[in-house]
Amino acid sequence: MARCCACAGPDADRARAQLAALAGTALAGAAPDPSALTALIPGEPGFATGPFTLDGVTAVGEVTLHNRTGLLTALADAGAPAPDGCPDGELLLRLWRRLGADGVRQADGLFVLAVVDGADLVLIRDHVGARTVFYARADGCWAASTSLRSLRHWPALGTGVNLAAVRSFLTFAYLPGEETLLRGVHEALPGRILRLTADGSVHQEQYWEPAELLPAPGDTPPPAEFARQLRLLLEQATARRLPGGEDVAVLLSGGVDSSLVTALAARLHSHPVRTYSISFGDELPDELGYSGLVARHCGTDHRVLTVSGAEVAARLADTVALLDSPVGDPLTVPNLMLAEAVAGDGIRVSLNGEGGDPVFGGPKNLPMLVHEMHRDDPAPEARAEAYLRSYRKCYEDLPRLLTPAALRALEAEPAPRRFVAPYLTPGPMHALLNQLLHCNLRTKGAHHILTKVERLTASQGVQGRSPLFDRQVIDHAFATPPTLKLHGTVEKWVLKEAVRDLLPDTVTDRPKSGMRVPVQQWLRGPLRDLSGELLLGRQARERGLVRPDTVRTWMRREGTLLPRQGGKLWLVLTLELWLRSYDL
């Protein structure tokens, strides 16, 4: 288990020594040129390999490709066949060197590749953002790593808290773009190839972005044809992600998304499929009836993991520390415990149903659709503002949550709506639903859902794979008329129709309810003392970000809407734990 660092620039020799020291390991391979550095960082949760050298360039990365056969054929057809047994990282490097952006576009998988090309550093991130990479510049050198922590401790950087990112996190419950909580450190966006040059400039090439490719009026196929094509793509996406010759896990909530992945895996895999669900105790409402029904229907070996509030309290700090950027999702500890259970059963690959909502249109879009019916402000920024409010996190509480000093410092910073406004106007997408889905995919999908899955599963040596985030599935979704995704009052209609024969109607036609996480109970019980100690203690007060009086009000369950107080307090607690884990 390792993650990777890379460095380039005229002064890379000094950065080489610094990063090698903090990595605690010698550089892999032969000693590199003074202008280039590649290193593997042991003990960090990831799947780094390398370095690979080709045509005078050196690369290191975290690369898992699902369509090796097709990629090998593409290289052979281009007159540049890859050697037998070529590692995935080297294969991706060969695709980029021979075929450029088109070669990367053809790749299907989870990947980040850092390439040292002379004094330049090139970063390649997968289509949807399943894996992440961060970069920064100091002392005339570019450094990049899949580990934000390694950049945090790069002596040349001298970074601190990025206050604008604090506001973004409290608005979204994750960081939706290039920002990180470390000042001067950025995250590469998915579907992009970044060239960081020796003179300090950044050149970005977009090799893939979803586009609305709807059929012309009068040429629209019947709805059943869209469902039929989607079914074929779902089968192909699931089959490519199944591990050869071994059991596979599926994280099964009981909703239609994870249920259809379970059904497809059970039908397509030649080895046993094991399913895993979460329970928060018999006294709380859950979806175990549905997940158990699906497990029996599909013939899987099913296991239910019970998560107590005491376990969440005991493990929350360590779980938050595994994430490169905080995620204000109360399922983080349960997700980690699921990954531990999967790993404990000797399974290396787990599938999940993530992606159904941001790709096909789940209930999170309804507030925006209702708002649009009654909107009387035609200004483009009005839609972006409504989008932020629809999250119902801490956005509207910022004036009374952040300290006066923090608010003054933020006055010169651009507003958080800059992350969503470009998606919510006609461009690649014209239909409002597709604009919302595009926004959800590129913000929450890449910076919350996928990064959480990847880092928590990787910490246990397990690869989390998401068939519904498959690039071809996404392309098909944006070529499908919006009325077939939100069909009257039926959400994700085309997705449900594509798999109707695989699942009981009780599962396919049930309304989405989501996992009922007992955040309020945890904060009133096992997390109460921890929350008070952390959020009202000396270290938090001296940092000067949030107002203690507002935190006290929320802890007493007073003030704003009661059902949302727990979620807001959870965000502030997650932020505090993350900052402490990074010594900020």
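**Close-up 1. Strand 12 and strand 15 in the parallel sheet.** Strand 12 (residues 248-251) and strand 15 (residues 349-351) run parallel and are joined by 2 bridges, strands being DSSP runs (E, at least two residues) and helices DSSP runs (H or I, at least four residues), both numbered from the N terminus. Within this pair, Ala249 stands opposite Ser350 of strand 15. The model is predicted, so that local features need pLDDT of at least 70 and side-chain atom pairs count only at pLDDT 80 or more, while totals for chains, interfaces and linings use all residues. Residues are numbered from 1 along each chain as its sequence is written, and side-chain values use heavy atoms, with hydrogens and water left out.

Close-up 2. The strands follow the order 14-13-12-15-16 with parallel pairing, where two strands pair if DSSP finds at least two bridges between them. Strand 14 (301-306) and strand 16 (463-465) stand at the edges, each with a single partner strand, so one side of each has no neighbour in the sheet. On average, neighbouring strands of this sheet are turned by 30° against each other, direction ignored.

**Close-up 3. Helix 7 and helix 10 on the sheet.** Helix 7 (residues 256-268) packs on the sheet and touches strand 12, strand 13 (273-279) and strand 15, its direction making about 160° with that of strand 12. Helix 10 (residues 332-344) also packs on the sheet, touching strand 12, strand 13, strand 14 and strand 15, and its direction makes about 150° with that of strand 13. Contact here means heavy atoms within 4.5 Å, and the angles run from 0 to 180 degrees between N-to-C directions, with axes fitted as lines to C-alpha atoms, for helices over the stretch in contact.

Close-up 4. In helix 2 (residues 68-77), the buried residues are Leu71, Ala74 and Leu75. They cover an arc of only 95° around the axis, which puts them on the same side of helix 2; the arc is that of the directions from the helix axis to the C-beta atoms. These buried residues pack against strand 4 (57-65) and helix 3 (88-106), whereas the face turned away from the buried side carries the exposed residues Thr69 and Asp77. Buried means under 20% relative accessible area, exposed over 50% and partly exposed in between, with a 1.4 Å probe and protein chains only. Gly79, which follows helix 2, has a positive phi, near 80°.

**Close-up 5. The salt bridge of Arg3 and Asp324.** The side chains of Arg3 and Asp324 meet in a salt bridge (2.4 Å, N to O), the term denoting a side-chain nitrogen of Lys or Arg within 4 Å of a carboxyl oxygen of Asp or Glu. Arg3 lies in strand 1 (residues 2-8) and Asp324 in the loop between helix 9 (309-321) and helix 10, so the pair ties together parts that are 321 residues apart in sequence. Both Arg3 and Asp324 are buried, and they belong to a network of salt bridges that also links Glu44, Glu62, Arg131, Glu454 and Arg455.

**Close-up 6. The salt bridge of Glu372 and Arg383.** The side chains of Glu372 and Arg383 meet in a salt bridge (2.5 Å, N to O). Glu372 belongs to helix 12 (residues 366-374) and Arg383 to helix 13 (residues 380-390), 11 residues apart. Glu372 counts as partly exposed at 22% relative accessibility, whereas Arg383, at 12%, counts as buried.
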